[in-house]
Amino acid sequence: MGTSPLQPDNKGFTTCPSPQNPSVGFATHFGSSLDHGDPAAVTQGCRGLRNRPGMVWETPPRSPAKPSRPGEPGGGTSHGSVWAVRGGRPVRQVSCSRREPSGAGHVPAPAHRLTEPPGSLLAAETMRAAGLLLAWALLRPVGTQQCHLASGVLRFTDTHAEIRVPALHRVPSSLDPLYGLVRRCLDLIQQNPLPTELLRAALNNPSSVRTAQVVQYELGYVVCAAVALLFTVAVPVAGMCFCYCRSRRRCGGRLRAHRRSLGCRRHCLVTCLSLTSLIILTSVICAFVASQRVKGQMEPGLRAVPATLHTLRQHIANVPQGVQMVVDQFEVPRQQIISDLGGLSRSVGLSIHAQLKAMTYAALAELQDRAGDLQTSLHHLQILDKTVRELAAARAELEPVLREQRRRTVALLDDPRCTSCASVLGRAQSLELGADYGKVPSVEKVLKALAGLPRSDFAEMIRQGNGTFNSIPELAVERMAQLIQDLRDEMGRVTEKVQSIADSFPLPEYTRPASEALGKAEERSRPYLREVERFEHYRWIAGTVLCSIILLILACNVTGMALGTYGLSKREDPSDYECRGEAGAKFLLLGVGLAFLFSWLLILLVFATFLVGGNIQTLVCRNWVNQEIYKFIDTPGNLPPSMNLTRQLNLRRDSNLSATYRECKSGAGLWEVLQLDKSYDLDEHLKTPKYTADFQKRLGDFTARLGDVRLLRSEGRQDLETFARSGVDEVDYGRFQEEMKNPVVQTSLPALARSLEGLQKMQRNSTVAGRLATEARALWQMQNSTVQWQEALVAKLAESVRFLSRLAPHLQERVKTTLATTASVEAQLPVQAQQILRQEIGCFTRKELRYFAQYLNWVGQTLREDVASCQPLATALDNGRVILCDRITDPWNAFWFSLGCCTFFLIPNIIFAIRLSKHFRPIRNRLISTGSEETCPFHIPRVTALKL
């Protein structure tokens, strides 16, 4: 059954015939070649062996392999073998395998003597392929192997998440256009910048503040106050005047005369009153929504002030515990490094074995070939010498017998009584001996040179070399045991060094002033916040009531317009009384009365909320956004000593609030913004060499000889050298081949015997016939007893001569190559093993240093951004601006702006309602107009005046 080169079996291993010397069977390994190099050469070698003429490659049944422990010779290795079959008889078995990660391969003992088909030309090609493979293995730079140890990502526990200050952001709203409009109106009202001089005087010496300064700064608000005062006085006075006029039946009475233009005027008044009511309705809805948002944001916003101060104080107080928890997380990389140390030595040994096995197994296989050549050559030389001696002796014995046989046969055939015997006489006369093996060269000198060989046990030598090489992983574990223990002890000392990060952290004694200041601010803020919450509750009640009154006024407008319009449609005569029209007029006047009655309360609520919200927006929020407040606080002398934030928070003397805010915003640590007795550089404490120098030095200084493998001992080398000098290649095997071309007897004895038997049947003379039969039997006896035996010896001699003649031309080259290769491999193994050791230790060192770097980077990031970060201070300030300005002040200002629109639009609402109510009442006098002239009214005497 044929198989293709490099065909994987059911376990994923690759089998192919060996590319070594075809004269000796052995098993070799190409796993490393397939794993680390170009498999094309191996494939070509396999194909070369498979394509040999006369060879059929079959795969024998696979026997179950006994599993072995990792590290044992043969552990983790599976072998596939291929048999070469010729004429139904297995000739040789070769094997290739690939090492699994858990073990090492092996080289089996030498196989038995093998034969090859005649005319094979594969020897030179096989040697060239093996030489190329071995040269590639020797010249391949081991140091260029890349590191396959990929360091993982360490996972650390979040140690400070419960005391973080969450960042708040402005939430988009449907009222944002209204907020923007209000801010622009306030910018028009208050165009003055931050009054630094006025604030400085108010904070440091309140009695020195002059009213003129305040009025000058608040000029826009003073004008608005004057307008509000005028509205507060004028509207109620106008209401009282209206009431007086009503009592005199003047305002809101009836039309005196009917004109054709009354319908147009009435429609115009209805339209204007409807538009005014719609504007007031839109404004009151906005006021309702804004008021609810202020109420919804005020309570959580007020609670967030002490909560944020408490969180900041807790954040500062928990810095030592947080730093210690961060330091304790060193257990994560320490355990990972300890785990990696447990597998370092075996990993190094397996790596050395995997990278050097191709070179070592190739050298062992070549040495095994030469040992097989020695044994097989000696065997064939002995056969050759013995066979030549036997053939020479047999020729000497056969020569007189053959001469006597020829004399009798010629005499008989030459007898006149023999009928038709002349045709056979010529062949009988040529009965002579053929090949003379006494003329061939003697091999006694060669056999004498090879006497006693092999003096060494090559099989045991190869087995020991293979076992020594396969024990490299166990040897590495043994040689590196002390290093592993020293590195584990070093990790304990590194833990103590890491603990110094927490011990030397300078914050506990410097954060006490800031913690105390935050605690005082938290306690002092609570009463004010409760008062703010109480007044906000009153504002919400007043706003809700007044907005409800405005809705009641709008309801009166809508009801009055509806009833009045319906009444007009049902009235046939303008002077007739109609109850629905009269009711509509009364509803309109009711709305007017409510407007007069509550307008002064509306304007007072609008002005009060406007004064508070407008000043917060223009004095605080606007200057908070453009950082003017920070500049004011940073200017020396602006704040009294009791409000010196730099001193109360123990900030750096060379810094200010603006710089501290920017540093905290960018992620600075508390130690970078506080005033310390001496500077503290966290980066200096987190430099990796400070903790890994000794660890790295121990790994860098470690050396061990792991590649001392003796492949060929001195007696084995002497055997091969003696074999090369023995003269096997100097024997003239061509003389043997020329002599073997000659037959043992020149004339074929069976043919001559059959001819005599044929002549016997033709004879009339019984005596001659009897003698012919006797001579024929003598010839057959000579053929069967002597000639056939000599021909068998010649065939045996031919097989030995064929092998020796094929081996002789390459003997010197092969032996020299094997000796040089073995010596080179023995010299290169320790060097390359040391290079691989340094490379693997270097890869391991870089991997473990990455664990240290990951941890130290995480420590720096966690301390700066979480545990000891001052970013919560900046986040708290930003949150305060978002809560005060974006979530409270904006809807607050939208509330008074909307309510103010309602209030001011009540004036046209009053006017339009009073004038429209007259159109819903009956007309006093009916005027009849033709063209542009009016006639005097015609009074029916019995009609009395309508009762109002």
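Mentor: Start with cysteine 621 and cysteine 885. The torsion about their S-S bond is about -95 degrees, so this disulfide is left-handed. Cysteine 621 sits in helix α18 (residues 579–625) and cysteine 885 in helix α30 (residues 871–919), so the pair ties together parts that are 264 residues apart in sequence. The S to S distance is 2.1 Å. A disulfide here is a pair of cysteine sulfur atoms within 2.5 Å. Helices are DSSP runs of H or I with at least four residues, strands are runs of E with at least two, and both are numbered from the N terminus.

Some ground rules. The model is predicted: local features need pLDDT of at least 70, side-chain atom pairs count only at pLDDT 80 or more, and totals for chains, interfaces and linings use all residues. Residues are numbered from 1 along each chain as its sequence is written, and side-chain values use heavy atoms, leaving out hydrogens and water.

Back to the pair. Cysteine 621 has a relative accessible area of 2%, so it is buried. Cysteine 885 is buried too, at 4%. Buried means under 20% relative accessible area, exposed means over 50%, and partly exposed lies in between (1.4 Å probe, protein chains only).

The structure holds three disulfides. Another joins cysteine 664 and cysteine 870, with sulfur atoms 2.1 Å apart. Its S-S torsion is about -120 degrees, so this link is left-handed. It connects distant parts of the chain: cysteine 664 is in helix α21 (residues 657–665), cysteine 870 is in the loop between α29 and α30, and 206 residues separate them. Cysteine 664 counts as buried at 1% relative accessibility. Cysteine 870 is buried at 0%.

Now a cysteine without a bond. Cysteine 268 is in no disulfide, and the nearest cysteine sulfur, that of cysteine 272, is 4.2 Å away. At 44% relative accessibility, cysteine 268 is partly exposed. Cysteine 901 is in no disulfide either; its nearest cysteine sulfur belongs to cysteine 902, 7.0 Å away. Cysteine 901 is partly exposed at 23%.

The remaining link to cover is that of cysteine 418 and cysteine 421, whose sulfur atoms are 1.5 Å apart. The angle about the S-S bond is -45 degrees, and the link is left-handed. Both of these cysteines are buried. Serine 420 lies in the loop between α11 and α12 (422–429). Its phi is positive, about 60 degrees, although serine 420 is not a glycine. Serine 420 is partly exposed, at 41% relative accessible area.

Glutamine 627 also has a positive phi without being a glycine, at about 70 degrees. Its place is the loop between α18 and α19 (628–634). At 29% relative accessibility, glutamine 627 is partly exposed.

On to the packing of α11. Helix α11 (residues 344–413) and helix α15 (residues 472–479) pack at about 145 degrees, with their axes 8 Å apart. Axes are lines fitted to C-alpha atoms, for helices over the stretch in contact, and angles run from 0 to 180 degrees between N-to-C directions. The crossing of α11 past α15 is right-handed. That label applies if the near helix is turned clockwise from the far one by less than a right angle; anticlockwise is left-handed. Ser345, Arg346, Gly349, Leu350, Ile352 and His353 of α11 meet Ile472, Pro473, Glu474, Ala476 and Val477 of α15. Contact means heavy atoms within 4.5 Å. By class, this contact has six nonpolar, three polar and two charged residues. Nonpolar covers Ala, Val, Leu, Ile, Met, Phe, Trp, Tyr, Cys and Pro; charged covers Asp, Glu, Lys and Arg; the others, Gly among them, are polar.

Helix α16 (residues 481–503) has 23 residues and reaches 34 Å from first C-alpha to last, close to the expected 33 Å. That expected span is 1.5 Å times one less than the number of residues. Its buried residues include Leu483, Leu487, Met491, Val494 and Val498. What covers the buried residues of α16 includes α9 (319–328), α10 (331–342), α11, α23 (682–685), α24 (689–701) and α29 (811–867).

One backbone detail remains. The peptide bond from leucine 453 to proline 454 is cis, with omega near -5 degrees. Proline 454 is in the loop between α13 (444–449) and α14 (458–470).

Finally, the whole chain. It has 30 helices and seven strands. Of its 948 residues, 47% are buried. Among contacts between residues at least 6 apart in sequence, 88% join residues at least 24 apart.
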